[in-house]
Amino acid sequence: MTAETLYGLCAAALVGLGLFGSIVDPQPARKILSFNLLGGGVFLLFGIIARRGATAGMGADPVPQAMVITGIVVAFSATALAVALVLRLFETTERATLQPDAPPRPSGDGADPDA
Amino acid sequence: MHEAVALSGGGAAGFLLVLAVILPATGVVLSLALGRHAERIALVLMPTGFGIALAILADVWRSGTSLVYLIGGWAPPLGIALRADGLSCIMLVTTALVICAVGLFARGDFSEPEPGRETRAPLVFWTMLMGVWGALNAVWLGADLFNLYVALELLTFSAVPLVCLDGRAETLAAALRYLLFALVGSVLYLLGVALFYGAYGTLDITLLASRVRPEPVIWIAAALMIAGLLAKTALFPLHLWLPPAHAGAPAAASAVLSSLVVKGSFLLVVRLWFDVLPGLPGMPAAQTLGALGAAAIVFGSVLALRQARLKLLIAYSTIAQIGYLFLIFPLTTGAAAAGIWGGIAWTGGVYQLVSHAVAKAAMFMAAGLIGEALGHDRIAELGGIGRALPMTVCAFGLAGMSLMGLPPSGGFVAKLMLLTASVTEGQWWWAVVILLGGLLAAGYVFRVLAPALADTGSLTLRARVSRRQEGVVLALAVCALLLGILPLRPSQLLQIGRPAATLAVVR
Amino acid sequence: MTVDLALDAGLAALVLAVAVWTIAARAAFAAVVGFVTYGLLLALVWVRIAAVDVALTEAAIGSGVTGAVLIAAAARLRPTETLSAAERPGRGLRIAAGVLSALVSAGLAVLVLYPSNPAPSLGPAAAVHLAALDIGNPVTAVLIAYRAVDTLLEKVVLLLALLGVWSLAPDRFWGGAPGQRRDARDGTLTLLARLLPPLGIVVGVYVLWVGAVAPGGAFQGGAILAAMWILVMIAGLHDAPEISRRWVRFLLVVGPAVFLAVGFTGFVVANGFLSYPAGFAKPLIIAVEVVLTLTIAVILGLLAAGPPERERRQ
């Protein structure tokens, strides 16, 4: 059992956890968090593959590392866009839910802030 | 050597492949810098892009081989290649046609209100349109699995803001649901890419095809990738995000989303199935995909019949028509498909891709004009609109003919070929589904046409509709009709670039 | 079991424990704090598997800037917590999702335990051309030379994400500044926002510069610069700029524009699009990295700032 195998099993577990959270949790903000966990697991799997490809002069294969760096940046922009959507949805409806027929939040003023 | 053969071809015309992807990307960058001129930049790039697509098609047709370009001169597996085979060329031209039509149509809706001032909706619309175009071209031409992942993300990030362009709460929720489905789908695709790299050390499609062996890692990787792509293509039962998203977007955006964006992820399933794993997937997997497609056809059409709003009806129709595409898989797998019938099924499926793209774009734009004229899109109150907007309703009818599969139309050619292939290969159950789908499509199209063409006389129009927009929609619908002149036999062009293991004998 | 292996096992277990906490925590704020911790632990894992460039990126972007965005969101969404807690998914969905996730994890675990032999690698192929490019860091070579088109397209992805975030603003706020005007108050935050940025800028520029020969590069340096800018904006020491300002738009496009220009000149002076002429590869790559750092810093900072919420002045 080498270090890579340990981290590889950790990555497999992270993928499962992230997938479970993305499907099950109804709040969009929590789905975004689970999506990031899922992404982290996938990137870690790339990392294990890179480590297994170590050669003379390089501790790890550079091509998967470059893919992970690209992936981390893309995942961040996805998170930023999704969070902006959730916040805008909250501002418009006073709720942050994807259920189409959820009742509006029982606050005194139900007027649209942008009216 | 297979690898040398894979990387040859094209020469001087290879730079056209780069332009097809990079010109729209340049358009995005320029639009952000010169926000006031976004519309002008798009209108300059559209005919240029159309010309480039036609030039690539001409080159591939003339030479009879795929056009390949090695970016930066670095050869795969280290570098990235772009490859235009017959299928890519057809998708490039279809995309260019639809985007140009949508661009001409949208000039009426998204022009700058005061020339010289940058406003939100026009800047976002034209920039995202360029983004969608560049992303789609990157998907059609990509020959590297990770490059295709970046193209998929580009596509998602261009499409999502188009859904919530009007800022209403329903469209915001629809855009968020679309984004979450698309993100999980992309990350599952990326997981499969990791497994492929870990097993074979390359992500170039042609190199992978020569190295792939039937072992557990590729079954798991392919299953994950296809599952993620099915979520992005809205195949039943992962279709829940599509109707509110496509119905909530502005008409021009809905046209692009339904006709082209969902086809991008579908094409990756095709590339995976036929190009990365040529000949390897078995009948059970193929029949499963076909079954899901059949369920999509039936469910989508039945739900479309029950809709009260026009744009939702058209969106559910998209779900149904996407189901036809997945019939390609069972009809090109197995011993019965080894001859000419597999070639017929393959060609029929691609014709369905193209004719649905053209017809659905025309239909959504027509629905947009109707909605603009009446101020609402409730089907029950469409009475007599045919008198007020004859060109628009005629265009809707022509597009509907293609969806139903009535001759002469591209949809008729496509569905007839799929029908023939399923009957002659002995998989007659798909023929039943195709006929049923046609009947149901006739049902929901006439649900709209019958009141529209009725002579009720009591109709108040909220707004005048631009003649130019009606003309564009009608022209696109006539294109859907003209696709009916395609011959009813396997296409030579589509055989260009197919791996040897799946080449049908077409002589 | 050696000490190294025990350390790795402990780290892996800790990462998993924090991940479970992130999914299971009731309050969103607690979950986000768990996520930031998870990101920092992951950065340590990346160092343990000899991928230091990725560790820098994960710590700066994956955990740092993402954490800032998510914490701000969790704070603003706190009023919805009590209502959202009432929404529970059905038992059937939980069981189905659990089975599916377990299957996927099990399949991946099997593939990890029985990998293909020998392990494929593009390391040797990448090393061959490093001398010709005069670049010492193979990851930089992959990002800016071998697979440069992916980096270029990814810049466009970032720009579109930013425009997408901006598009969520109501029409009347278009062209204005993100966030509300904050006033700097005396306290720890303001103190840190005064002390850290000069240091952070030096570190960021250094990470960019050294990326040609050692772990580092445009993404990591840009993320550090963005983090300093975000700190200053949050503390209220400097207002977020209006999105229609010329310098903002200029910095946003300078990276991709120079990258595209270098790519197109490759048609004329070298072997095609995004190909570097022999002998000039290193200066061109460094030039591209510098402008990319500026663009990445501005994009990451503006993505964290959010859509415009104030009207445009003048």
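So, chain C and chain A: 84 residues of chain C are in contact with 78 residues of chain A. Please keep in mind, everyone, that this is a predicted model. Between them, chain C and chain A bury about 7100 Å², and 78% of that area lies on carbon and sulfur atoms.

What kinds of polar and charged pairings go with that? The rule finds one salt bridge across the interface of chain C and chain A. If you'd like to find it on the screen, look for the side chains of A:Glu91 and C:Arg76, which meet at 3.0 Å, N to O. Then there are the polar contacts: 14 residue pairs across the interface of chain C and chain A, with both residues at pLDDT 80 or more. As for the make-up of the side of chain C that touches chain A, its residues divide into 60 nonpolar, 13 polar and eleven charged.

Now let's turn to the other side of the story, chain A with chain B. Here 32 residues of chain A are in contact with 28 residues of chain B. The area buried between chain A and chain B is about 2600 Å², with carbon and sulfur atoms giving 89% of it.

How many salt bridges are counted between chain A and chain B? The count is zero. For polar contact, the rule finds one residue pair across the interface of chain A and chain B, both at pLDDT 80 or more. On the side of chain A that touches chain B, the elements giving two or more residues are helix 1 (3–24), helix 2 (28–52) and helix 3 (62–93) of chain A. Helix 3 of chain A gives the most, with 15 residues. By class, that side of chain A has 23 nonpolar, six polar and three charged residues.

Last stop, and then I'll hand over: a pair of strands inside chain B. Strand 1 (residues 67–70) of chain B is joined to strand 2 of chain B by four bridges, and the two run antiparallel. To get your bearings, B:Leu67 stands opposite B:Ala84 in strand 2 of chain B. Where do the residues of strand 2 (residues 81–84) of chain B point? B:Ala81 and B:Arg83 point one way, while B:Leu82 and B:Ala84 point the other way. Are these residues buried or exposed? All of them are buried, and that includes B:Arg83.

Notes:
Residues numbered from 1 in each chain as written. Chains lettered and ligands numbered in written order. Predicted model: local features only at pLDDT ≥ 70, side-chain atom pairs only at ≥ 80, totals over all residues. Heavy atoms only, no water. Contact = heavy atoms within 4.5 Å. Buried area = accessible area lost by both parts, 1.4 Å probe. Salt bridge = Lys/Arg side-chain N within 4 Å of Asp/Glu carboxyl O. Polar contact = N/O pair within 3.5 Å; in protein donor to acceptor, adjacent residues only side chain to side chain. Nonpolar A, V, L, I, M, F, W, Y, C, P; charged D, E, K, R; others polar. Buried < 20%, exposed > 50% of the residue type's maximum accessible area, 1.4 Å probe, protein only. Pairing = 2+ DSSP bridges.
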